[in-house]
Amino acid sequence: MNTMHDNGPERCAPPQAPRGLDRLALEVARVWYAGRSPVAPGTMGSAVAALLAPWLFLPLPLGWRVALLLAVFCGGAWAAGRAARVLGRCDPGSVVIDEVAGQWTAMLPFATLSPLGVLAAFVLFRVFDILKPGPVGASESWLDGGPGIMIDDVVAGVCAAVVLAVLSWLGLPV
């Protein structure tokens with residue numbers, strides 16, 4: 001009997017439940033339940049980040065937003081790398097902490113965003129993350145392990161932030 005788990009086909013015996021730091025890494029990497037979405041877990045992780053940003057990220061002064069983003073990147077790299085080892089995959093679909101880092105990177109330059117601006121940041125980030133044009137796709141080979149899982153989303157976030165800044169400069173309400 002073959003069944004599919006997050007780490008591919010398993011034969012007969014269910015995988016052992018992760019314990020201790022492995023379990024913590026999986027929960028952080030999956031952003032608790034967001035990464036367990038049966039449909040588009042990456043989009044779900046981005047949506048969670050976008051919905052939380054007006055309360056947890058955007059109200060902070062720029063220096064604190066940068067510090068929080070660095071903490072998410074470093075903690076996310078640790079969790080994503082460990083989760084990848086536990087799940088036996090290079091970049092498991094259920095790991096969505098990288099989407100949080102990328103989504104918040106897209107919002108980093110803005111002290112405030114209107115609801116339309118948050119939606120625009122969400123859509124722009126998802127477009128860059130999914131299509132992986134130019135530097136986004138190239139960045140996938142820059143680093144290995146957990147940092148490698150995280151970096152392409154941060155680059156996608158930078159690209160989204162640049163487009164959002166141009167839209168704002170053109171006078172569109174963000």
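# A walk around helix α4

Asp129 is found in helix α5; helices here are DSSP runs of H or I, at least four residues, numbered from the N terminus. Before I go on, this is a predicted model: local features need pLDDT of at least 70, side-chain atom pairs count only at pLDDT 80 or more, and totals for chains, interfaces and linings use all residues. Residues are numbered from 1 along each chain as its sequence is written, and side-chain values use heavy atoms, without hydrogens and water.

Back to Asp129. Is Asp129 buried or exposed? Asp129 is buried, at 6% relative accessible area. Buried means under 20%, exposed over 50%, partly exposed in between, with a 1.4 Å probe and protein chains only. Which residues does Asp129 touch? Setting aside residues up to four places away in sequence, they are Glu99, Asp152, Asp153 and Ala156. Contact means heavy atoms within 4.5 Å.

Stay in α5 for a moment. Arg126 belongs to that helix too. Arg126 is buried, with a relative accessible area of 10%. Beyond its neighbours within four places in sequence, Arg126 is in contact with Gly42, Thr43, Ser46 and Glu99. Note Glu99: Asp129 touches Glu99, and so does Arg126.

How many residues of α4 are buried? The count is eleven of eleven, and α4 is mostly covered.

Ala101 has 0% relative accessibility and counts as buried. Leaving out neighbours within four places in sequence, Ala101 contacts Leu69, Val72, Met150 and Val154. One distance for orientation: the C-alpha atoms of Ala101 and Val123 are separated by 15 Å, and these two residues are 22 residues apart along the chain.

Now the helix pairs. Start with α3, residues 62-87, and α4, residues 97-107. Their axes are 9 Å apart, and they pack at an angle of about 160°. Axes are lines fitted to C-alpha atoms over the stretch in contact, and angles run from 0 to 180 degrees between N-to-C directions. α3 and α4 are therefore roughly antiparallel to each other. The cut-offs: under 35 degrees is roughly parallel, over 145 roughly antiparallel, 65 to 115 roughly perpendicular, the rest oblique. The crossing of α3 and α4 is left-handed, where the near helix is turned anticlockwise from the far one by less than a right angle, clockwise being right-handed.

Who meets whom? From α3 come Leu68, Leu69, Val72, Gly76 and Ala80; from α4, Ile97, Val100, Ala101, Trp104 and Thr105. By class, the contact of α3 with α4 has eight nonpolar residues, two polar and no charged. Nonpolar covers Ala, Val, Leu, Ile, Met, Phe, Trp, Tyr, Cys and Pro; Asp, Glu, Lys and Arg are charged; the others, Gly among them, are polar.

Next, α3 with α7. Their axes come within 7 Å and cross at roughly 130°. That makes α3 oblique to α7. This crossing is right-handed. On the α3 side are Val72, Phe73, Gly76, Ala77, Ala80, Gly81 and Ala84. They meet Gly146, Pro147, Ile149, Met150, Ile151 and Val154 in α7. The classes are ten nonpolar, three polar and no charged.

Now the core. In soluble globular proteins, nonpolar side chains tend to be buried together. Here the largest nonpolar core has 48 residues. Such a core is a set of buried Ala, Val, Leu, Ile, Met, Phe, Trp, Tyr and Cys residues joined through side-chain atoms within 4.5 Å. Which residues have the most contacts inside it? Ile97, Trp104, Met107, Leu113 and Leu164. α1, α2, α3, α4, α5 and α7 each supply at least two core residues. Take Leu113: apart from residues up to four places away, Leu113 touches Leu58, Met107, Val118, Leu164 and Val174.

Last stop, the loop between α1 and α2. Most residues other than glycine have a negative phi. Val31, in this loop, has a positive phi of about 50°. Ala40 is in this loop too, with a positive phi near 50°. Val31 is buried at 15% relative accessible area; Ala40, at 41%, is partly exposed.
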